Amino acid sequence: MKIKIAILMAATLAFAASTQAQGNVLWSDNFESYANTAALSGPYTQLYPSFPVLLDTTKGYQSAQSIHFDLPAANSQRRMWINIPGGPVTPTDQAPLKLEFWTDLDTAIWSTRQYIEIRSYSGGAYNAGTLNQLIALGFTSSGVNTTRINQRVVAGFTGAAWGDLTDIYATRTTIADPNNDWTHLAMVLKHNTVEFYVNGNLDTVQTMTAGVAFDSIVIGSGLSSAGADVWFDNIKLTHIPEPSSAVLALLGGLGVFAWISRRRQA
Ligand SMILES: [Ca+2]
Ligand SMILES: [Ca+2]
């Protein structure tokens, strides 16, 4: 019986570790379910309906489809938003909020301006009341190193709102390399910090205002972005559960199981 319990405890810890890694997916989209660009306007609101974000049915991250930004030559083009299903979420150090996606470029050029944002409004939904916070990850063209991936933390960061990731894990050139199909980018929001990851590597950490509830995701800049085509796929928002409590709850359940087993044996 002791061996059985030991095996169960090992299995439980493995399960808890995998749960921690996967977290609770609040929202995700791999863009495989849409028949055409118009179908994106079901779940998403296009900010500029005459120039919607495009569905690409010829290219995807390990899949057939993705979303595509061609070469918007004017502002007010190709930008859409969605509220987080279930309402606003306040990340903590124990239960962070992770927004991740895959991206690709066809050319490394300074003028690229496409990114994905997570936002917080006083009214708890996109554009409701005052904008409290905005974190962005992707590519922009002014006030940054335009050979890099760029990030933005609007409130609570003592510096320019836009900044750069390092060139250690990826640059616009490595992303645009035709031999390198897709690059994984992620932001992990905690109580008062945001961590930016490239292909699973922690690249840059910024401070931000503490205890903000995030409510919506905005995809695309809506700005002119002449020069490079940009793709996004597998956008996913995860609420990572507190690891200690998940493990303790499962181990607590196992303790009861062990007690029952001992009683049955007696
Ligand atoms: Ca896809
Ligand atoms: Ca590429």
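This is a predicted model: local features need pLDDT of at least 70, side-chain atom pairs count only at pLDDT 80 or more; totals for chains, interfaces and linings use all residues.

Me: What do strands of a sheet pair through, by the way?
Reply: Strands pair through backbone hydrogen bonds, and the pairing can be parallel or antiparallel.

Me: Okay, into the sheet. What does β14 pair with?
Reply: One partner is strand β5 (residues 80–83), which is antiparallel to β14 over 4 bridges. There, M80 is the residue opposite I219 of β14. β7 also pairs with β14, again antiparallel and over 4 bridges. In that pairing, E117 is opposite V218 of β14.

Me: And the faces of β14, are they covered or open?
Reply: Both are covered. S216 and V218 are buried on one side, and I217 and I219 are buried on the other.

Me: How many bridges join β7 to β8?
Reply: There are 8 bridges between strand β7 (residues 114–121) and strand β8 (residues 131–139), and the two run antiparallel. To find one of the bridges on your screen, look for I118, whose partner in β8 is I135.

Me: What's in the loop between β7 and β8?
Reply: N127 is one residue to look at there. Its phi is near 65 degrees, which is a positive value in a residue other than glycine. N127 counts as partly exposed because it has 13 C-beta neighbours inside 10 Å.

Me: Where is N234, and what is its phi?
Reply: N234 is in strand β15. Its phi is near 50 degrees, also a positive value in a residue other than glycine.

Me: Is N234 buried or partly exposed?
Reply: Buried, because 20 other C-beta atoms lie within 10 Å of N234. The cut-off for buried is 20 or more.

Me: Changing topic: which residues have the most contacts inside the largest nonpolar core?
Reply: Those are I116, M187, I217 and F232, in a core of 46 residues. Several strands each supply at least two residues of this core, among them β4 (66–69), β6 (97–105), β11 (183–189) and β15 (230–239). As background, nonpolar side chains tend to be buried together in soluble globular proteins.

Me: What does I116 touch?
Reply: Leaving out residues up to four places away in sequence, I116 touches F101, A136, L137, G138, I217, I219, F232 and I235.

Me: What do β12 and β13 form?
Reply: A hairpin, with 2 residues between the strands. N199 sits in the turn and has a positive phi of about 50 degrees. Strand β12 (residues 193–198) and strand β13 (residues 201–207) are antiparallel, with 6 bridges between them. One bridge links V198 to N201 in β13.

Me: Now some loops. Where is E32, and which residues does it touch?
Reply: E32 is in the loop between β1 (24–29) and β2. Not counting residues up to four places away in sequence, E32 touches S63, A64 and Q65. E32 and S66 are 34 residues apart along the chain, while 7.3 Å separates their C-alpha atoms. With 13 C-beta neighbours inside 10 Å, E32 is partly exposed.

Me: And A161?
Reply: A161 is in the loop between β9 (150–153) and β10. It is partly exposed, with 14 other C-beta atoms within 10 Å. Apart from residues up to four places away in sequence, A161 touches R152, V153 and V154.

Me: Last one, the whole protein. How many helices and strands?
Reply: The protein has 3 helices and 15 strands. Of its 266 residues, 32% are buried. Among contacts with a separation of 6 or more, 71% are between residues 24 or more positions apart.

How values were computed
Residues are numbered from 1 along each chain as its sequence is written. Chains are lettered from A and ligands numbered from 1 in the order in which they are written. Two strands pair if DSSP finds at least two bridges between them. A residue is buried if 20 or more other C-beta atoms lie within 10 Å of its own, exposed if 12 or fewer, and partly exposed in between; C-beta atoms are placed from the backbone. Two residues are in contact if their C-beta atoms, placed from the backbone, lie within 7 Å. A nonpolar core is a set of buried Ala, Val, Leu, Ile, Met, Phe, Trp, Tyr and Cys residues joined through C-beta atoms within 7 Å.
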